[in-house]
Amino acid sequence: MNTTEPAKQARNPLHGLTLEVIVTQLADHYGWDELGRLIPVRCFTLDPSVGSSLKFLRKTPWARDKVESLYLFMLREQKRHAHRQDESVRQVTDCGHGGE
């Protein structure tokens, strides 16, 4: 039994997520047009839907890999954006009280 496996999964942002959740969040974040531009596959460009995308992605490992990579990229960008907002709030707060 490998004791490092649970630790690996704990750090895996995809662990516990279904492909449906990933596709839905990507479509909500980017929109179907942008998603089809970023990953040019017919299930995103021609009458796109979560159902048709799932059917295609479950049968096409290379496309699923691209979707999962884009999802991880989206999470990193959201984290960076949130961090920058936190820094901006701290700077404004510090500047507002610095002269007192």
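**Figure 1. Overview of the predicted chain.** Of the contacts in the chain with a separation of 6 or more, 56% are between residues 24 or more positions apart, a contact being heavy atoms within 4.5 Å. The model is predicted, so local features need pLDDT of at least 70 and side-chain atom pairs count only at pLDDT 80 or more, whereas totals for chains, interfaces and linings use all residues. Residues are numbered from 1 along each chain as its sequence is written, and side-chain values use heavy atoms, with hydrogens and water left out. The chain holds six helices and zero strands, in the order α-α-α-α-α-α from the N terminus. Helices (H or I, at least four residues) and strands (E, at least two) are DSSP runs, numbered from the N terminus. Of the 100 residues in the chain, 22% are buried; buried denotes under 20% relative accessible area, exposed over 50%, and partly exposed in between (1.4 Å probe, protein chains only). The accessible surface of the chain is about 7400 Å², and carbon and sulfur atoms contribute 54% of this area. Accessible areas come from the Shrake-Rupley method with a 1.4 Å probe, and for residues only the protein chains shown count as cover.

**Figure 2. Packing of helices α2 and α5.** Helix α2 (residues 19-30) packs against helix α5 (residues 50-59) at an angle of about 125°, and their axes are 10 Å apart. Helix α2 is therefore oblique to α5; angles under 35 degrees count as roughly parallel, over 145 as roughly antiparallel, 65 to 115 as roughly perpendicular and the rest as oblique. The axes are lines fitted to C-alpha atoms, for helices over the stretch in contact, and angles run from 0 to 180 degrees between N-to-C directions. On the α2 side, the contact is made by Leu19, Glu20, Val23 and Thr24, and on the α5 side by Val50, Ser53, Leu54, Leu57 and Arg58.

**Figure 3. Aromatic pairs.** Two aromatic pairs are counted in the model. Rings of Phe, Tyr and Trp (its six-membered ring) pair if their centres lie within 6.5 Å; planes under 30 degrees apart count as stacked, over 60 as edge-to-face and the rest as tilted. Trp32 and Phe44 form a tilted pair, 5.9 Å centre to centre with 40° between the planes. Because Trp32 lies in helix α3 (residues 32-38) and Phe44 in helix α4 (residues 42-45), this pair ties together parts that are 12 residues apart in sequence. Trp32 is partly exposed at 23% relative accessibility, while Phe44 is buried at 2%. Phe56 and Trp62 form an edge-to-face pair, 6.5 Å centre to centre with 85° between the planes. Phe56 is partly exposed, with a relative accessible area of 29%.

Figure 4. Ala27 belongs to helix α2 and is buried, at 12% relative accessibility. Not counting residues up to four places away in sequence, Ala27 touches Trp32 and Leu35.

Figure 5. Ile39 sits in the loop between α3 and α4 and is buried, at 4% relative accessibility. Apart from residues up to four places away in sequence, Ile39 touches Phe44, Lys66, Val67 and Leu70. The C-alpha atoms of Ile39 and Lys66 are separated by 7.2 Å, although these residues are 27 residues apart along the chain. Asp47 lies in the loop between α4 and α5 and is exposed, with a relative accessible area of 68%. The phi angle of Asp47 is near 50°, a positive value in a residue other than glycine.
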